[in-house]
Amino acid sequence: MKKKVLSVTGMTCASCARAIEKSVSKIEGVTNASVNFATEKLIVEFDESKASIEKIKEAEERAGYGVLDDGEETIREVSIPISGMTCASCARAIEKSISKLNGIREVSVNLASEKARVVYDSSQVRLSEIKNAIIKAGYTPLEIEKTSYEDSHQERKQKEINSLFRRFIIASIFAVPLLLIAMAHVVGLPLPEIISPEKYPLNFALVQAILAVPVVIAGYKFYTVGFRRLFKFHPNMDSLIAVGTGAAFLYGLFAMYQIAKGNYQYAEEMYFETAGVIIALVLLGKYLEAVSKGKASEAIKKLMGLAPKTAVVIQGDNEVVIPIEEVEVGDILLVKPGENIPVDGEVIEGRSFVDESMLTGESIPVEKTPGSKVIGATINKNGTLKIRATKVGKDTVIAQIIKLVEDAQSSKAPIARLADVISGYFVPVVILIAVISAIAWYFLSDSFTFALRIFITVLVIACPCALGLATPTAVMVATGKGAEHGILIKRSEALETLHKVTTIVFDKTGTITEGKPKVTDIIPANGWERERLLQIVASAERLSEHPLGEAIVAAAKEKNLQLHEASQFEAISGHGIEAVVDGQKILVGNEKLMQDKGVEIGFLLDVEKLSQQAKTPMFVAINGKFAGIIAVSDLIKTNAKRAIELLHNMGIEVVMITGDNSKTANAIAQLVGIEKVLANVLPQDKANKVKELQKQGKKIAMVGDGINDAPALAQADVGIAVASGTDVAAEAADVVLMKDDILDVVNAILLGKKTIQNIKQNLFWAFFYNTLGIPVAAGVLHIFGGPLLNPMIAAFAMALSSVSVVSNALRLKRFKPVKIIKN
């Protein structure tokens with residue numbers, strides 16, 4: 001089964017999305033087709049043995065829409081200057097060499113200009129490989145003059161916005177005088193005598209017709225798309241505009257014909273201005289909608305803009321600036337202060353602080369020294385770094401984050417599917433209401449023009465755009481906002497699930513605790529000093545691979561204590577170690593070890609107290625005599641207690657799950673305020689524990705970081721992985737937290753709640769506009785002596801409905817995460 005994302009062009013409302021889904025779903029082998037109206041993306045899953053991309057494209061085009069394979073956005077075109085060519089056969093040799101590479105679409109070498117023009121798929125072949133092919137042919141590729149590619153999707157959207165603005169301006173230039181001329185005599189304004197409706201009614205009609213024609217031409221797409229959709233029995237918003245304004249314009253021509261025949265009363269019944277002003281207003285609404293939709297995807301643009309375009313590669317003694325696409329894994333790169341790190345890598349020389357806030361939201365720069373990992377697009381602050389590239393291109397962290405956010409924005413939440421289904425039936429129902437209302441009013445009023453006005457108003461006021469935009473726009477803004485704060489939402493469904501969560505299950509180690517044991521207490525016996533005791537025990541533990549021993553060695557190094565050589569080292573499984581340091585016999589371990597070796601121990605009350613605090617006390621004996629206690633503990637993360645408190649305040653039950661014994665687990669839980677603990681749970685049983693909680697009717701969010709958490713993350717209704725953990729956990733989760741901060745679990749829940757709240761507001765306003773507007777437009781109030789709705793006001797209200805829904809969704813950009821406590 002293959003999954004593919006295609007860009008769709010030509011959609012104007014949510015019913016278009018529904019029409020495409022229906023058309024594509026009819027293809028044999030297609031198992032799922034989902035169109036996101038806001039992002040204009042089709043996600044399709046199909047059996048490659050039965051269906052193909054070509055068939056899917058044909059189905060989209062049959063439905064009346066354009067299609068663009070996103071894979072085509074990886075197509076690049078370069079012009080590579082080449083030295084060493086002497087004749088036409090040289091050019092042919094280079095073309096042959098390049099053509100053998102996978103992913104080459106076109107190649108032509110011009111001997112006169114000494115350049116090779118290459119069109120290639122960057123997902124299959126790299127520029128450096130093309131250059132190598134030229135070298136293999138015996139020639140020298142020079143520095144590329146210009147890469148002629150841009151983000152084609154953004155370019156296409158900007159062209160669309162510019163086109164809508166131009167058409168709105170043209171329509172306005174003619175619609176404003178058209179409205180003034182048509183309405184001047186009604187409101188008592190003077191008109192030139194030559195176009196006076198009383199003296200020269202035909203001139204009056206002709207001028208209006210002449211002014212209306214350019215407006216109709218500016219709105220030609222409403223007619224080409226709208227009528228095409230109507231004739232295919234899948235009418236959309238354009239169909240409503242086309243039928244409404246088309247009827248008004250044709251009636252205006254009919255009225256002009258009657259005036260020419262001498263029926264001057266028709267001068268009062270032309271609808272040219274209605275058609276013109278409606279088209280201008282709808283174009284304005286579409287323009288504002290397109291601009292607002294562009295703002296909703298600003299997070300992606302920001303992320304893409306962070307990646308540098310070039311990198312400085314060290315080649316021997318030279319520093320060479322090359323395009324970022326040419327950087328290879330293993331290249332040594334130089335990054336000066338103030339520059340962006342070009343790709344993911346490892347520091348091999350230098351020391352500096354790096355601003356990683358664009359990925360983690362953490363405002364404090366992180367110190368980088370040899371051995372530290374650095375991430376592409378982060379900012380080197382104050383020192384020069386020499387790094388070795390470890391990941392380039394689509395493998396870098398920034399590229400993967402962009403893909404995650406794009407995938408989430410393109411996916412469709414269940415609540416959006418409901419809105420799309422409603423939109424699919426909405427337009428035909430509106431046309432039916434318009435026809436019935438017009439017929440009814442024709443018989444009630446005995447006036448064709450009055451019935452026509454009702455017909456036009458009903459068609460124009462009803463806009464399924466707001467309905468279709470309500471959910472995807474909010475999801476786009478929310479996922480982008482989450483990415484800005486280091487909360488990666490991998491699927492839009494996760495946002496909908498987050499706000500329903502009733503129980504959060506936290507894995508203990510690495511999630512609530514740091515996951516790295518540290519020395520917390522040193523209690524020396526009489527005759528010993530703390531540092532001396534730590535020094536001698538650390539010297540003995542140097543040869544140990546146990547995490548507790550490593551913690552003691554790390555504590556000694558932090559204090560700059562000089563460690564001595566140990567001999568006769570023996571690890572006593574499950575008990576501790578034995579070694580000789582400076583000629584003294586050292587024992588470090590638990591109470592059982594001391595009993596076995598006949599050592600009389602002390603500080604038993606302290607031991608009990610340390611155990612209650614979830615610390616692991618280790619007894620130390622030197623030359624057979626008790627020398628003190630060193631306690632080690634996995635420290636609780638800074639914001640754990642506050643995060644648990646906030647979740648409790650939100651009415652969410654918090655559960656801790658761990659493989660530790662119940663005594664240690666309960667001690668940790670008590671410290672952070674968790675009441676329910678699932679202890680002694682084997683890794684393979686964590687998913688079953690989550691399943692048991694789900695059987696109790698609870699909506700579960702699982703938070704974890706390890707490989708052993710992956711099954712539980714997948715089993716939970718929504719899995720949240722802490723990014724400091726493993727790739728496996730991140731892959732299994734629905735939400736990835738880029739910062740190693742448990743408080744972001746709270747922020748993810750808050751973001752989910754805010755998003756769903758925003759979607760509900762949007763859907764309310766979308767339904768409100770239509771349920772209130774359609775009856776008023778149909779003249780229900782007029783039956784009881786109330787006012788009638790002017791078609792032009794209806795057009796204005798329709799444009800406002802879409803703009804207001806998108807504007808409301810943009811309010812999510814103000815989302816502020818809970819403030820993080822610093823150490």
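I take helices (H or I, at least four residues) and strands (E, at least two) as DSSP runs, numbered from the N terminus. I am working on a predicted model, in which local features need pLDDT of at least 70, side-chain atom pairs count only at pLDDT 80 or more, and totals for chains, interfaces and linings use all residues. Residues are numbered from 1 along each chain as its sequence is written, and side-chain values use heavy atoms, with hydrogens and water left out.

**Helix α4.** I looked just past α4 and found Gly-138 with a positive phi of about 100°. I then checked burial (buried is under 20% relative accessible area, exposed over 50%, partly exposed in between; 1.4 Å probe, protein chains only). In α4, residues 127-136, the buried set is Leu-127, Ser-128, Ile-130, Lys-131, Ala-133 and Ile-134. An α-helix has 3.6 residues a turn, so residues three or four places apart point the same way.

**Salt bridges.** I counted a side-chain nitrogen of Lys or Arg within 4 Å of a carboxyl oxygen of Asp or Glu. The count is 13. I opened Glu-106 and Arg-117 next; their closest N and O atoms are 3.1 Å apart. Glu-106 sits in β6 (104-110) and Arg-117 in β7 (115-121), so this pair ties together parts 11 residues apart in sequence. Glu-106 is partly exposed at 40%, and Arg-117 is partly exposed at 31%.

Lys-686 and Asp-507 also pair, with closest N and O atoms 2.8 Å apart. Lys-686 is in helix α24 (686-695) and Asp-507 in strand β19 (503-507), 179 residues apart. Both residues are buried. I also noted a salt-bridge network linking Glu-578, Lys-585 and Lys-597.

**Nonpolar patch.** For patches I used residues with over 30% relative accessible area and no salt bridge, joining like charges within 9 Å and nonpolar side chains (Val, Leu, Ile, Met, Phe, Trp, Tyr) within 5 Å. Val-435, Ile-439, Tyr-442, Phe-443 and Phe-448 make a nonpolar surface patch of about 520 Å². Helix α13 (414-445) gives the most to this patch, 4 residues. Val-435 belongs to α13 and is partly exposed at 34%.

**Positive patch.** I found Lys-22, Lys-26, Arg-62, Arg-228 and Lys-232 gathered in a surface patch of positive charge. Lys and Arg count as positive, Asp and Glu as negative; His and the chain ends are not counted. Arg-228 lies in helix α7 (220-231) and is partly exposed at 39%.

Methods. Areas by Shrake-Rupley, 256 points an atom, 1.4 Å probe, with all protein chains shown as cover. Charge placed at Lys NZ, Arg CZ, Asp CG, Glu CD.
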